[in-house]
Amino acid sequence: REALENLGFATSFLADGEATYDGIVSSLRKLIKGSRPGDQLVFQYAGHGTHVDDVNGDEALATPGDTQDEALVPFDFSSGRFLIDDDIGEIMDDLPAGVSLTCFMDCCHSGSNTRAFGFGTSSSVAIGETSRYLPVPAEIMIRHVNNRRALPVKATRGAYEGKPEVLYAACSPKQEAKESGGHGYFTLTVVPLLAKSIGKLTYAQFIAAVQKAFPGHVEDQVPQLDCAKDRLGLPLLGACLLYTSD
């Protein structure tokens, strides 16, 4: 938040009990609804990530055999309400033409968690580090499945091409994001680089800078960039493309 405010962004901040499922969804929708052509939006999440059972079957369409959705873990997750990739993708589909959204996701299995891709597996965590992966107890998974089955079936969103958002993820879908002392290594790496890079590096160059600066002692975690090919060469948080629907 401080890094973005120093760059001139107006911010809102959700922590602990504010970061419920409804709180996160409402804030994202408000951010997007209030945007205008030319605006640069940023969504940053630092917290737990997990996998939950895929109820609508869209994951298997992208990756045969995949039976789980990537998900963020809201404060009220015990009710079975997880913010899955389908939810985030649906919200982002409401981005007005000419508005861009850059996401910084510091959580486990954060790669591709704005749409249907990938299936992660657990990795080892060094002594003194903790993983941001949260296993879902069986009784909470049942609540998740029941919640999802009560919702109308929605169409699969598909790939990034033609979409305006950019996703910087702490790790690939098959890795776990790690933290030390409650601070994610991904966020600790990104924050000091932002001020040096905005308007100077492209989206593609920035992920290369993040990977180069990432702590060498952190094993099995490689920050990722996912976006449409036509956004790779745009300046970080500095340019928009106009997108129109068919």
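A pocket here is an open set of points on a 1 Å grid over the protein atoms alone, with protein on both sides within 12 Å along at least five of seven lines, and lining residues have an atom within 4 Å of a point. The model is predicted: local features need pLDDT of at least 70, side-chain atom pairs count only at pLDDT 80 or more, and totals for chains, interfaces and linings use all residues. Residues are numbered from 1 along each chain as its sequence is written, and side-chain values use heavy atoms, with hydrogens and water left out.

**Pocket**

The largest pocket is lined by 46 residues, and F13, L14, Q44, Y45 and A46 lie nearest its centre. Its volume, the space filled by probe spheres set on the points, is about 1,700 Å³. At least two lining residues come from each of α1 (2-6), α2, β1 (40-46), β5 (100-106), β9 (183-184) and α6 (185-197); helices (H or I, at least four residues) and strands (E, at least two) are DSSP runs, numbered from the N terminus. With seven residues, β1 contributes the most to this lining. By class, the lining has 27 nonpolar, twelve polar and seven charged residues, where Ala, Val, Leu, Ile, Met, Phe, Trp, Tyr, Cys and Pro count as nonpolar, Asp, Glu, Lys and Arg as charged, and the others, Gly among them, as polar.

**Helix contacts**

Axes are lines fitted to C-alpha atoms, for helices over the stretch in contact, with angles from 0 to 180 degrees between N-to-C directions.

| Helix pair | Axes come within | Crossing angle |
|---|---|---|
| α2 (21-33) and α4 (85-92) | 10 Å | roughly 20° |
| α6 and α7 (203-213) | 10 Å | roughly 130° |

α2 and α4 are therefore roughly parallel to each other (angles under 35 degrees). Contact means heavy atoms within 4.5 Å: Y21, V25, L28, R29 and I32 in α2 meet D87, E90, I91 and M92 in α4. This contact has six nonpolar, no polar and three charged residues.

In α6, F186, T189, V190, L193, L194 and S197 meet F206, A209, V210 and A213 of α7. Eight residues of that contact are nonpolar, two are polar and none is charged.

Notes: Angles under 35 degrees count as roughly parallel, over 145 as roughly antiparallel, 65 to 115 as roughly perpendicular and the rest as oblique. On a 1 Å grid over the protein atoms alone, a cavity is a set of points where a 1.4 Å probe fits but cannot get out, and a pocket is an open set with protein on both sides within 12 Å along at least five of seven lines; lining residues have an atom within 4 Å of a point.
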